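Good morning, and thank you for coming. Please keep the sequence and the structure in view while I speak.

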Amino acid sequence: MRTVYINGEYVAENEAKVSVFDRGFMFADSIYEVTAVHRGSLIGISQHISRLRRSLSEIGICLKLTDSDLQTIHHQLIERNQLNEGLIYLQVSRGVQDRNFLYSDAPLEASVVAFTQVKQLVGTKAATSGISVVGLPDLRWHRSDIKSTQLLYACMAKDEAKRQGADDAWLIRDGYVTEGASNNVFIVLDGVVVTRELSSLLLPGITRDSILKCLDEADINFVERPFTLEEAYSASEAFITSSTSFVYPVVQIDGQSVGSGYPGPVTKTLQHLYMLQVSENV
Ligand code: PMP
């Protein structure tokens, strides 16, 4: 049985209760973060807290907890649950109120929950052999830069990908790939790594940012621009990044092999450099 954090208290998971009037429950009026834990240490916690604050401020949720309080919650959860490898999920919702679309009538106290989840992060089959993806229309709202819990379409896209025999979905808007259902996407075209530039249409991934730094340091050419699925079909390599996947090679897109059909050299180099970066920081 896990110990979870809920509104200032650490309790057994079966004792943690959220109100049916919580706006997170009724309107998906909440923000979340997922931070990886490797060898008992957090990866990029300060970046996750900064992004949490940005998302909260974009939708006007006021959180009383300080950065140091948030760090303490994460550390306490690792300790109380003896978490070695996995993740911490943190969710901040606008608060509890009778059902009402309007939220600015009365100032609400944000609800905060956080819990640990065990997950294998290193040496997974996906990381070593790669994954397959299918292109699906991006039917999400136009503010995917905000990490809100409004994830229904991401769930539907992943489920549809699975129905089509693939591991994940790449989302297409106006003819260009925006991102994966829960990750940022990259391709390697003519030796240059291509990933879409940040905008309101995609999440500013923390792993994406780390990978751009790795590319810079390793003197590997890269460009931030939109790309089409057709370009991805002709890429020599493709990969995705996220906090709990790190870097997964993408070896098949819409049933077609990417390059050799096996994880390629640029992807493997980045997996290695990212792990070095993680080991230095944990
Ligand atoms: N895009 C989306 C839609 C995501 O859900 C995620 C994972 N949270 C990412 C990108 C990757 O972000 P990060 O590297 O910060 O986990």
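Helices are DSSP runs of H or I with at least four residues, strands are runs of E with at least two, and both are numbered from the N terminus. Two remarks on the source: this is a predicted model, in which local features need pLDDT of at least 70 and side-chain atom pairs count only at pLDDT 80 or more, while totals for chains, interfaces and linings use all residues. Residues are numbered from 1 along each chain as its sequence is written, and side-chain values use heavy atoms, with hydrogens and water left out.

I begin with helix α3. In general, an α-helix has 3.6 residues a turn, so residues three or four places apart point the same way.

Most residues other than glycine have a negative phi. Q82 is found in the loop between α3 and β5 (86-93) and is exposed, with a relative accessible area of 66%.

D174 also has a positive phi of about 50° and is not a glycine. It lies in the loop between β8 (168-173) and β9 (176-180), and D174 is exposed at 73% relative accessible area.

Let us turn to the ligand. Which of the 16 residues around it come nearest? They are R51, K147, E179, T207 and S243, a residue being near if one of its heavy atoms lies within 4 Å. The side chain of R51 has an N or O atom 2.8 Å from a ligand oxygen. For K147, a side-chain N or O atom is 2.4 Å from a nitrogen atom of the ligand, and for E179 a polar side-chain atom lies 2.6 Å from a ligand nitrogen. Taken alone, the ligand exposes 390 Å², of which the protein buries 92%; these areas come from the Shrake-Rupley method with a 1.4 Å probe.

Definitions and conventions. Buried means under 20% relative accessible area, exposed over 50%, partly exposed in between (1.4 Å probe, protein chains only). A polar contact is a pair of N or O atoms within 3.5 Å; within protein, one must be able to donate a hydrogen and the other to accept it, and residues adjacent in sequence count only if both atoms are side-chain atoms.
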